[in-house]
Amino acid sequence: MVDKVKPNLILKNGSIYTVDKGYLWAQAIAISGEMIFFVGTDNDVEVLVDSETDVIDLDGKMILPSFIDD
C-alpha cells in the first residue's frame with residue numbers, strides 16, 4: 001500500500017477504465033493534489049480514508065482517462 005501520501009479525494013464504487021492491458025478496470029482511485037496515486041478496489045482504498053478525505057461514491061458511473069491542454 002502507499003505510505004505517507006494522504007489523499008484529498010477518493011472516487012469509489014465506479015467503473016474506472018485504466019488503459020493498462022494488465023489491469024483494464026478498477027473500482028476506486030485516490031488523488032493527492034493533482035496526482036492519482038492509487039488505483040484499485042473499493043476495499044483496498046478504504047485504508048486511505050481519514051477525516052480530511054473527501055469521498056465521492058460514483059454509484060457505478062464510469063471514469064475514462066483524458067488529456068487537458070492548458
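## Pocket, strands and cores at a glance

Strands β2 (15-17) and β5 each supply at least two residues of the lining of the largest pocket; strands here are DSSP E runs of at least two residues, helices are H or I runs of at least four, and both are numbered from the N terminus. This is a predicted model, where local features need pLDDT of at least 70, side-chain atom pairs count only at pLDDT 80 or more, and totals for chains, interfaces and linings use all residues. Residues are numbered from 1 along each chain as its sequence is written, and side-chain values use heavy atoms, with hydrogens and water left out.

**Pocket**

- The largest pocket holds about 340 Å³ of space, a volume being the space filled by probe spheres set on grid points that are joined across faces, edges and corners.
- Its lining has 14 residues, and the closest to the pocket centre are Ile36, Ile63, Leu64, Pro65 and Ser66.
- For the record, a pocket is an open set of points on a 1 Å grid over the protein atoms alone, where a 1.4 Å probe fits, with protein on both sides within 12 Å along at least five of seven lines; lining residues have an atom within 4 Å of a point.

**Strand pairing**

- β1 (residues 9-12) runs antiparallel to β4 (residues 28-32), with three bridges; pairing takes at least two DSSP bridges.
- β1 also pairs with β6 (residues 54-57), this time in the parallel sense over four bridges.
- Leu11 has Ile29 as its bridge partner in β4, and stands opposite Ile56 in β6.

**Thr53**

- You'll find Thr53 in the loop between α1 (42-45) and β6.
- Thr53 counts as buried because its relative accessibility is 9%, and buried means under 20% relative accessible area with a 1.4 Å probe, protein chains only.
- The Thr53 side chain makes a polar contact with the side chain of Asp50 at 3.0 Å (N or O atoms within 3.5 Å, one able to donate a hydrogen and the other to accept it; residues adjacent in sequence count only if both atoms are side-chain atoms).
- That side chain also reaches the backbone oxygen of Pro7 at 3.4 Å.

**Nonpolar cores**

- Seven residues form the largest nonpolar core: Ile10, Ala28, Ala30, Phe37, Phe38, Val45 and Leu48. Such a core is a set of buried Ala, Val, Leu, Ile, Met, Phe, Trp, Tyr and Cys residues joined through side-chain atoms within 4.5 Å.
- β4 and β5 (35-40) are the elements giving two or more residues to this core.
- Another core, of six residues, lies apart from the largest one and includes Leu11, Ile16, Ala26 and Ile31.

Terms used: Buried means under 20% relative accessible area, exposed over 50%, partly exposed in between (1.4 Å probe, protein chains only).
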